[in-house]
Amino acid sequence: MTRTVDASDAQIHARRWKTLAVLSLSLLIIGLDNTILNVALPSLQKEFDASTSTLQWMVDSYLLVFAGLLLTAGTLGDRFGRKLALQTGLVLFGGGSLAVLAVDSADQLIAVRAVMGLGAALIMPATLSIISNVFPRRERAKAFGIWAAMASLGVGLGPFAGGLLLEYFDWSAVFLLNVPVALAALAFGFTYVPESRDPRPGAFDLPGAALSVAALTALVYGVIEAPERGWSDPRILACFAAAVALGAAFVRWELRTAEPMLNLELFRRPRFSVASGAMSVAFFSLFGATFAMTQFLQDVQGYSALEAGAGQIPLAFGLLAGAGSSVKLTERFGTTRVVTAGMVMLGVLLGSALLWHAGMPYLPIGAWFFALALSLGWIAGPATDSVMGAVPEEKSGVASAMNDVTRQVGGALGTAVIGSLITSLYTSNVQAGATASDAFTDALGIGFAIAGAVAVLGAVAVKRRLPARHAETVPTLVAVPA
């Protein structure tokens, strides 16, 4: 029995869809916060007289803390209670958002963003592990599909919501939007979210937690700073070297300790490891592409910030359509075919940017956004179900966190690598005599095509190695011999 609950199992089962609604509300604000701040950066620059580097850290302090603490936060949820982790995260996230009313310097805002990143690290793995403990196996694919859609929905709505708020209010509104949503999720969570935890968590793996935080922080910091400093900058190379060394030390420790934080046997299960890799590749390609689209819409197409945000709304509809259709498709064709199809479609759509031109009408762009999100829905829902189905329920928190780490690190790498490539190609095109609009459009096409090629290569790996169905039973995790 993996649940420790105050209500009966029958009551938990009867409320499971209301539970999912609360979890979805919690996820929505995390997704919004990934992109909503971008449209407020000009206002923040004016408000705090901030440098470009300072503006970057207003965005990236959130990502750094979020990604760095995910694995540890998931483990803490398994140990002390996933509902407790969720509600603590909501308090930190909502409280940090409200604290902007007292902020009077750029450094204070960066600190507030870091607190919000900590809240997000507690919220995200808790939501996924609670689903594993509330829904029976036959319904989890549908629940995970909805989870995957809601986890990404805010990303698509963020630019529009931010632009709309800034039309009528000041920069603080993009933070204060989180407060009522967090309060609602917290209030409904007291009633509709049951508590669950690992009944036999063992000793807390403090060295493993410290090594994982250090390795992830070094990696994400290097990825964030590389586009500005250059990929060959000594500080960036030192970050990547430290990430490799700390990651190797983490693996070595986890193999040797009797009670590891992350049991590495999981990576011997293709339903876990290959599906996690597919998520990482998909988010590398997707985030690398969508990061540049705001620039394309505003700088090349001439859209205002609000128009550029509205132009990305089809992402939200595509995600919902992808999440809904992926469940039935997976039941009929299996995980392998659906995830492979999603990744191939993602690759083809990204490659189609080679045909774009400055001044093109919005209709094909809007259709492209919708189809791109649809392909992500076919990847994220089934892949998440595959990852979580490969893990015993009592270890769902750390498995959920690992799933989230692959998404965040893959997305950060995609933004940095593809963004740097597009910038470099754009500079070369301008120096060769192309107009700014044509130079950026051509650079965008090549950068997107490379991201698309990565997605197609990922599809090949998925086709060959990802099992189509869950095992009848999930084997208990055992220590991996060193």
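Colleague: How do the axes of helix H12 and H15 cross?
Modeller: The axes of H12 (residues 270-300) and H15 come within 11 Å and cross at roughly 20 degrees. That makes H12 roughly parallel to H15, a label for angles under 35 degrees. Axes here are lines fitted to C-alpha atoms, for helices over the stretch in contact, with angles from 0 to 180 degrees between N-to-C directions. Helices are DSSP runs (H or I, at least four residues), numbered from the N terminus. This is a predicted model, where local features need pLDDT of at least 70, side-chain atom pairs count only at pLDDT 80 or more, and totals for chains, interfaces and linings use all residues. Residues are numbered from 1 along each chain as its sequence is written, and side-chain values use heavy atoms, with hydrogens and water left out.

Colleague: Is the crossing of H12 and H15 left-handed or right-handed?
Modeller: Left-handed, meaning that the near helix is turned anticlockwise from the far one by less than a right angle.

Colleague: Which residues make the contact?
Modeller: On H12, they are Arg271, Ala278, Val281, Ala282, Ser285, Leu286 and Ala289. H15 contributes Thr335, Val339, Met343, Leu346 and Leu350. Contact means heavy atoms within 4.5 Å.

Colleague: Switching to rings. How many aromatic pairs are there?
Modeller: The whole structure has 15, counting rings of Phe, Tyr and Trp (its six-membered ring) with centres within 6.5 Å. In one of them, the rings of Trp356 and Phe448 have centres 6.2 Å apart and planes at 75 degrees, so the pair is edge-to-face, the class for planes over 60 degrees apart.

Colleague: Where do Trp356 and Phe448 lie?
Modeller: Trp356 is in the loop between H15 (335-351) and H16 (362-389), and Phe448 is in H18 (residues 436-465), so the pair ties together parts 92 residues apart in sequence.

Colleague: Is Trp356 buried or exposed?
Modeller: Buried, at 11% relative accessibility. Phe448 is buried too, at 0%. The cut-off for buried is under 20% relative accessible area (1.4 Å probe, protein chains only).

Colleague: What is phi of Asp49?
Modeller: Near 50 degrees, a positive value in a residue other than glycine. Asp49 lies in the loop between H3 (41-48) and H4. At 71% relative accessibility, Asp49 counts as exposed, which means over 50%.

Terms used: Rings of Phe, Tyr and Trp (its six-membered ring) pair if their centres lie within 6.5 Å; planes under 30 degrees apart count as stacked, over 60 as edge-to-face and the rest as tilted. Helices (H or I, at least four residues) and strands (E, at least two) are DSSP runs, numbered from the N terminus. Angles under 35 degrees count as roughly parallel, over 145 as roughly antiparallel, 65 to 115 as roughly perpendicular and the rest as oblique.
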